[in-house]
Amino acid sequence: MTYRSLDEIYADKAEALSEIEGMLRPLTPAQLGFHATPGAWSIAEIAEHLAIVETGQLRMLGALIEKAELGGRGPAPVSVELDERYRDSANGRIQTRDQLKPTGTVQASASLESLRRLQAGLFDLRPRLDRVDIGAVRFQHAVLGDLTLGQWVAFVGVHEERHLRQMRGVMASPAFPRG
């Protein structure tokens with residue numbers, strides 16, 4: 001997946017959260033808490049995981065932007081590529097670090113509110129991103145390896161899309177509570 005502008009990255013991120021909100025809003029507590037298989041996350045737990053991860057990502061992005069600003073390099077043409085194998089692995093199991101796992105005690109509505117605030121924070125960073133070279137600084141991702149600032153910004157939305165597909169998978173389960 002290649003992005004040619006921050007506008008594309010931000011549009012994909014906004015669309016992913018909009019789809020998550022649209023999916024979760026009409027669900028009942030039983031549907032939000034349903035586990036398709038033993039050990040699998042429920043839809044509410046997936047939303048909680050997203051809020052946990054994005055809280056850390058937003059802090060890290062701020063630090064990376066600050067590092068890029070200190071580097072003194074101005075904006076460069078945007079070309080951000082993310083590994084397709086991660087984006088397309090809807091059902092691929094990735095070992096989540098314990099601190100990023102959901103507790104199962106957070107209401108889906110609270111997770112959605114956190115995700116909205118975090119998206120606003122990401123969008124607030126945009127003017128600073130427009131002034132730096134988003135390829136000039138890097139930070140290690142536990143699964144994907146060394147990512148540039150631009151890749152990290154894109155990853156926020158890609159990560160949401162991945163978990164949106166997982167939510168759809170939970171809803172597609174024959175045992176998913178209907179109405």
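How many aromatic pairs does a search of the whole structure find? The search finds four, where rings of Phe, Tyr and Trp (its six-membered ring) pair if their centres lie within 6.5 Å, with planes under 30 degrees apart counting as stacked, over 60 as edge-to-face and the rest as tilted. The model is predicted, so local features need pLDDT of at least 70 and side-chain atom pairs pLDDT 80 or more, while totals for chains, interfaces and linings use all residues. Residues are numbered from 1 along each chain as its sequence is written, and side-chain values use heavy atoms, without hydrogens and water.

**View 1. Y10 and F123 form an edge-to-face pair.** The ring centres are 4.6 Å apart and the planes stand at 80°. Y10 lies in helix α1 and F123 in helix α5 (residues 108–124), so the pair ties together parts 113 residues apart in sequence; helices are DSSP runs (H or I, at least four residues), numbered from the N terminus. Y10 is buried, at 5% relative accessible area, whereas F123 is partly exposed, at 32%. Buried means under 20%, exposed over 50%, and partly exposed in between (1.4 Å probe, protein chains only).

**View 2. F34 and F176 form an edge-to-face pair.** Their centres are 5.6 Å apart, with 90° between the planes. F34 sits in the loop between α2 (29–32) and α3, and F176 in the segment after α7, 142 residues apart. Both residues are buried.

**View 3. F139, W152 and F155 form a cluster.** Ring pairs link these three residues.

Terms used
Helix = DSSP H or I, 4+ residues; strand = E, 2+ residues; numbered from the N terminus.
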